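Work through the exercises below with the coordinates open. Each task is followed by a stepwise solution.

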Amino acid sequence: MRLVIALGGNALLRRGEAMTAENQRENVRIACRQIAKVAPGNELVIAHGNGPQVGLLALQGNAYDAANPYPLDVLGAETEGMIGYMIEQELGNLLPFEVPFATILTQVEVDGADPAFQKPTKPIGPVYPQAEAERLAAEKGWSIAPDGDKFRRVVASPRPQRIFEIRPIKWLLEKGSVVICAGGGGIPTMYDGKQLRGVEAVIDKDLCSALLAEQLNADLLVIATDVDAAYVEWGKPGQKSIAAAHPDEMEKLGFAAGSMGPKVQAACEFARNTGKTAVIGSLENIEAIVQGSSGTRIGLDTEGIDYR
């Protein structure tokens with residue numbers, strides 16, 4: 001099968017964990033151990049989140065006042081290289097030597113009229129207690145939003161319209177390469193007249209992964225996160241795990257915009273546009289997800305919703 005595996009930012013840097021290179025590498029190593037189990041006999045495309053990493057680079061840039069901080073599109077490109085390098089190295093240490101790897105800096109077009117620019121929703125950077133988040137928002141002009149019992153900075157998250165590097169990604173797959181691309185949803189860009197330029201935004205990784213999987217004619221989209229499935233009544237005594245669902249029924253459940261919502265939206269769009277299956281599940285269960293025995297499977301072949 002041709003698999004697109006989208007790794008969540010929190011799968012690469014766990015909630016509350018110090019944002020060190022060592023911690024990120026260890027989490028990448030854990031992820032690659034799971035991905036390596038499904039590599040034999042399959043074509044692999046790996047996308048990944050970068051919210052914590054972009055936020056860290058932005059904070060580091062703010063600490064240097066001799067020059068203006070780098071914009072988010074440049075920080076996105078930096079994190080694509082950093083995370084891609086770690087995935088290439090750690091997965092390469094597990095797969096046969098002859099397997100080639102390529103990390104593609106991926107520019108993604110967005111629409112300047114997208115309403116997301118008027119309503120920031122995409123969380124980046126670390127979590128803060130409410131009082132500290134409010135102080136930073138006032139000091140730096142940030143928008144902030146709740147994230148669990150903490151708060152995070154949020155920025156504009158326009159919809160992806162076009163993946164500019166889709167042709168070289170296809171060429172690399174045809175040559176047997178494992179491709180790491182569309183990191184953090186890709187580098188947000190738009191046309192200014194005939195000139196392409198970067199945009200101060202962060203594209204949602206899951207929506208871009210769904211577009212990527214659709215354009216690559218992938219057989220399965222795996223959205224790997226830090227929970228084993230999508231749940232209704234999450235965190236409450238009556239919570240239920242969803243085993244399978246039709247996209248129309250899944251969308252009616254109303255998942256939170258800052259967490260599971262974009263994953264569900266991306267999975268539903270891929271299933272509806274392609275007639276194939278998308279699965280939301282735990283990074284630790286990728287092998288079982290690909291085999292069909294774990295995660296929340298979203299596809300047109302399911303009527304209604306099946307709960308575990």
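Buried means under 20% relative accessible area, exposed over 50%, and partly exposed in between. The model is predicted.

**Exercise 1.** Find the salt bridge between Arg-29 and Glu-26, and classify the exposure of each partner.

Solution.
- Step 1: The closest N and O atoms of Arg-29 and Glu-26 are 2.6 Å apart. The cut-off is 4 Å, so the pair qualifies.
- Step 2: The two residues sit three residues apart in helix 2 (residues 21-36), which means about one helical turn separates them.
- Step 3: Glu-26 has 31% relative accessibility, so Glu-26 counts as partly exposed. Arg-29, at 26%, is also partly exposed.
- Step 4: Salt bridges that share partners join Arg-25, Glu-26, Arg-29 and Glu-90 into one network.

**Exercise 2.** Are Arg-152 and Asp-147 buried or exposed?

Solution.
- Step 1: Arg-152 forms a salt bridge with Asp-147, with closest N and O atoms 3.3 Å apart.
- Step 2: Both Arg-152 and Asp-147 are buried.
- Step 3: Turn to the bridge between Asp-192 and Arg-197, at 3.8 Å. Asp-192 is partly exposed at 48% relative accessibility, and Arg-197 is partly exposed at 40%.

**Exercise 3.** Which residues touch the most other members of the largest nonpolar core?

Solution.
- Step 1: This core has 44 residues; Val-4, Leu-212, Leu-216, Leu-221 and Met-250 touch the most other members.
- Step 2: Helix 9 gives the most to this core, seven residues.
- Step 3: A second, separate core has 28 residues, including Cys-32 and Ile-289.
- Step 4: Leaving out residues up to four places away in sequence, Val-4 touches Val-45, Leu-212 and Leu-221, among others.

Key: Residues numbered from 1 in each chain as written. Predicted model: local features only at pLDDT ≥ 70, side-chain atom pairs only at ≥ 80, totals over all residues. Heavy atoms only, no water. Core = buried A, V, L, I, M, F, W, Y, C linked by side-chain atoms within 4.5 Å. Buried < 20%, exposed > 50% of the residue type's maximum accessible area, 1.4 Å probe, protein only. Helix = DSSP H or I, 4+ residues; strand = E, 2+ residues; numbered from the N terminus. Contact = heavy atoms within 4.5 Å. Salt bridge = Lys/Arg side-chain N within 4 Å of Asp/Glu carboxyl O.
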